[in-house]
Amino acid sequence: MMRFKHDPKIAQRIFDEFHGGKDLFPDDILMNHWKACNRDKLVLSNRTVLANQVNNPGSSVYDLTHELENLGYEIRDYIPTFTKDELKEYYAAIKKGFWNEFCSKIYIPGDNGSILNALKSLPSDKRYKWVFEEGIPYTIDYSQGVVLKKFASCLK
């Protein structure tokens, strides 16, 4: 384990060097979508509250909703979806190599390359073709994978 002392001056210098984090977290379709939905007020889907409750089973949906509202969020009953224009932008980025660029920025400690290679090969996996090629109908199997199983009730 490494310990370090936080230095506000150094933190500010790093913040400035990375242009307020934009170099570390450049805009992408998810960020652009979230910003578009939150122009006037910070808006969250009520499914976010349900997902939060999965991780905080001792809290009620009512309590979690009010906590988020007190932080300035507006909770709405909607399912977040991408617009046709956003999806068009996404698939255009995929064609230009977004996935390979994305994978090239991932570091997995202890991986001998097998996990990263599995990620890189997802575009060829027929189960995920719809993610990488426009116009392919999709279904999601909520019984597959730890995250899908855990949050299935929130996502369906």
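These legends accompany several close-up views of a predicted model.

**View 1. Helix α3 crosses helix α4.**
Let us begin with a pair of packed helices. Two packed helices are described by the angle between their axes and the distance between the axes. Here the axes of α3 and α4 (residues 61-70) come within 9 Å and cross at roughly 115°. The crossing of these two helices is right-handed. On the α3 side, V49, L50, N52 and Q53 make the contact, and on the α4 side the partners are V61, L64, T65 and L68. What kinds of residues meet in the contact of α3 with α4? There are 5 nonpolar and 3 polar residues, and no charged ones.

**View 2. Helix α4 has a buried face.**
Stay with α4 and look at which of its residues are hidden. L64, T65 and L68 are the buried residues of this helix. Seen down the axis of α4, they fall within an arc of 100°, so they line one face of the helix. What covers the buried residues of α4? The cover includes the strand β1 (42-45), the helix α3 and the strand β2 (73-76). Turned away from the buried side, the face of α4 carries Y62 and N70, which are exposed. After α4 comes G72, which has a positive phi, near 100°.

**View 3. Helix α3 also crosses helix α9.**
Now follow α3 to another partner. The axes of α3 and α9 come within 9 Å and cross at roughly 140°. This crossing is right-handed. R47, L50, A51, V54 and N55 of α3 meet K150, F151, C154 and L155 of α9. The residues of this contact divide into 6 nonpolar, 1 polar and 2 charged.

Which residues of α9 (residues 146-155) are buried? They are F151, A152 and C154. Seen down the axis of α9, these residues fall within an arc of 165°, so they line one face of the helix. The buried residues of α9 pack against α3 (46-55). On the other side of α9, K149 and S153 are exposed.

A disulfide is a covalent bond between the sulfur atoms of two cysteines. How many disulfides does a search of the whole structure find? The search finds 0. This view shows two cysteines. C103 has a relative accessible area of 1%, so it is buried. C154 has a relative accessible area of 3%, so it is buried too. C154 is also one of the residues of α9 in the contact with α3.

Most residues other than glycine have a negative phi. What is the phi of H19? Its phi is positive, about 50°, although H19 is not a glycine. You can find H19 in the loop between α1 (8-17) and α2 (29-37). Is H19 buried or exposed? H19 has a relative accessible area of 53%, so it is exposed.

**View 4. Y73 meets residues from elsewhere in the chain.**
Y73 lies in strand β2. With a relative accessible area of 24%, Y73 is partly exposed. Not counting residues up to four places away in sequence, Y73 touches K41, L42, L44 and L68. Take K41 as an example: Y73 and K41 are 32 residues apart along the chain, and their C-alpha atoms are separated by 7.1 Å. L68, another of these contacts, is one of the buried residues of α4.

Where does T81 lie? T81 is in the loop between β2 and α5 (84-95). A relative accessible area of 53% makes T81 exposed. Leaving aside neighbours within four places in sequence, T81 is in contact with H33 and E86. T81 and H33 are 48 residues apart along the chain, and their C-alpha atoms are separated by 8.8 Å.

**View 5. W130 and its neighbours.**
W130 lies in helix α8 (residues 129-132). W130 is partly exposed, with a relative accessible area of 23%. Which residues does W130 touch, not counting residues up to four places away in sequence? They are Y91, I136, P137, Y138 and T139.

Methods:
Residues numbered from 1 in each chain as written. Predicted model: local features only at pLDDT ≥ 70, side-chain atom pairs only at ≥ 80, totals over all residues. Heavy atoms only, no water. Disulfide = S-S within 2.5 Å. Buried < 20%, exposed > 50% of the residue type's maximum accessible area, 1.4 Å probe, protein only. Helix = DSSP H or I, 4+ residues; strand = E, 2+ residues; numbered from the N terminus. Arc of directions from axis to C-beta. Contact = heavy atoms within 4.5 Å. Axes fitted to C-alpha atoms, helices over the stretch in contact; angles between N-to-C directions. Left-handed = near helix turned anticlockwise from the far one by under 90°. Nonpolar A, V, L, I, M, F, W, Y, C, P; charged D, E, K, R; others polar.
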